[in-house]
Amino acid sequence: MSAVAELELQAMVLLRLGDRRFAILANQIAELVAPSRIHKFPHRTPLVEGVILRRGRIVPICEIAERLLGKRTSSRRFYLIVNRRYETHAEWVALPVTGECELIRAEITAASESDAPHVAGWISHDGEVIEVLELKALTSEQQVLPPPQTPFLVEASL
Amino acid sequence: MSLAARTKPQTLKSEQIILFRVGGNLFAVSSASVQEVRSVDSLAGAAAEIKDSGVRKVRHVLQRDDKTLFVVNGTMHFGLPLTPGTLIFILRQTRTALLIDGIEKMGSMTRLQALPLAFQHEERHWYRGLTALDQSVVPVVNPEGFLTAEELVLLEQSLSLRSAAARETRTQGGQPQ
């Protein structure tokens with residue numbers, strides 16, 4: 001591989017969600033942690049399932065399966081904690097994943113206008129074409145319907 | 001990027017809080033925000049009904065000194081299953097009297113973390129932030145977050161109409177037959 005080609009490869013974490021795999025740029029990942037107690041309290045943001053305590057921080061869990069797979073998934077193997085950039089700063093957000101994660105290097109093909117907003121690009125890996133996720137779109141509500149009248153929540157659970 | 005600076009929890013010397021339950025959920029409020037705690041029974045005679053204001057979570061008003069307070073049903077505010085409220089917090093420097101299930105305990109918090117930005121709706125107004133107590137995460141309510149400016153306008157309008165109707169009734173009642 002030439003030096004030029006090598007420069008175009010980017011480190012990414014492959015995550016599994018149901019029977020699909022997705023990629024996130026490795027520099028957006030804070031850590032991968034085992035599932036822990038989810039704390040829930042009343043709120044009206046459908047995308048947020050609850051929060052976990054991690055290293056003294058309270059980290060929201062964003063349920064991304066519904067957006068990516070079209071259905072929620074109750075099983076989870078890990079939380080992938082990502083650095084989600086907001087306008088002025090970044091915060092940790094936990095993304096539930098259902099299988100092993102893998103660190104790879106791959107070349108990204110840019111997303112086209114017809115791609116969903118949560119698609120930052122595409123990679124080809126192991127004969128599979130995989131979406132590279134755009135965290136900002138994935139963890140904001142621009143893509144979903146207005147909040148329901150009936151609010152969320154309720155009990156704390158393990 | 002100012003990640004470290006912004007996500008570092010706000011450090012407090014120590015703030016006294018009251019942990020209370022609404023609809024089976026635990027919340028915290030700063031003790032300094034609570035002017036008075038009364039049982040529902042003790043206020044039964046002092047509360048007046050307020051109807052058709054358009055603010056469903058407020059069904060009663062209380063007169064305290066020269067102020068009219070709106071009794072906010074905590075379960076309806078948070079969208080929780082209705083439970084019979086037993087206590088009322090009269091919140092300092094607000095027009096809110098909050099109907100709650102009961103007080104869990106008094107305590108103190110030393111750290112208050114801002115509500116993560118992933119939360120994008122009314123909860124940003126409801127809570128000052130989150131605190132971790134005994135390995136649990138408890139939302140710390142914002143005393144000013146129970147009634148929006150729009151809701152206060154609706155409630156004031158309803159009060160005015162009620163007063164006008166009462167005056168009219170008195171006037172009609174006082175006219176000679």
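Me: Which residues does Ile123(A) touch, not counting residues up to four places away in sequence?
Reply: Keep in mind that this is a predicted model. Ile123(A) sits in strand β10 of chain A. Leaving out residues up to four places away in sequence, its contacts are Met12(A), Ala23(A), Ala106(A), Glu107(A), Ile108(A), Ile130(A) and Val132(A).

Me: How far apart in space are Ile123(A) and Ile108(A), C-alpha to C-alpha?
Reply: Ile108(A) is one of the residues that Ile123(A) touches. In sequence, the two are 15 residues apart. In space, C-alpha to C-alpha, the distance between Ile123(A) and Ile108(A) is 5.1 Å.

Me: Is Ile123(A) buried or exposed?
Reply: Let's count neighbours. A residue is buried if 20 or more other C-beta atoms lie within 10 Å of its own. Ile123(A) has 22 such atoms within 10 Å, so it is buried.

Me: Which residues have the most contacts inside the largest nonpolar core?
Reply: In soluble globular proteins, nonpolar side chains tend to be buried together. Here the largest nonpolar core has 73 residues. Those with the most contacts inside it are Ala23(A), Leu95(A), Phe70(B), Val71(B), Phe89(B), Leu98(B) and Val140(B).

Me: Which element gives the largest share of the side of chain A that touches chain B?
Reply: The contact takes 26 residues from chain A and 24 residues from chain B. On the chain A side, the elements giving two or more residues are β4 (48–54), β5 (57–62) and β7 (90–97). The largest share, 4 residues, comes from β5(A).

Me: How do the residues of the side of chain A that touches chain B divide into nonpolar, polar and charged?
Reply: Remember that chain A brings 26 residues to this contact. Those residues divide into 15 nonpolar, 7 polar and 4 charged.

Me: What is the phi of Asp126(A), and is this residue buried or exposed?
Reply: Most residues other than glycine have a negative phi. Asp126(A) is not a glycine, yet its phi is positive, about 55°. It lies in the loop between β10 (119–125) and β11 (128–133) of chain A. Because it has 9 C-beta neighbours inside 10 Å, Asp126(A) counts as exposed.

Me: Where is Asp134(B), and what is its phi?
Reply: Asp134(B) has 6 C-beta neighbours inside 10 Å, so it counts as exposed. Its place is in the loop between β10 (127–133) and β11 (136–141) of chain B. Although Asp134(B) is not a glycine, its phi is positive, at about 50°.

Definitions and conventions: Residues numbered from 1 in each chain as written. Chains lettered and ligands numbered in written order. Predicted model: local features only at pLDDT ≥ 70, side-chain atom pairs only at ≥ 80, totals over all residues. Contact = placed C-beta atoms within 7 Å. Nonpolar A, V, L, I, M, F, W, Y, C, P; charged D, E, K, R; others polar. Buried ≥ 20, exposed ≤ 12 C-beta atoms within 10 Å, placed from the backbone. Core = buried A, V, L, I, M, F, W, Y, C linked by C-beta atoms within 7 Å.
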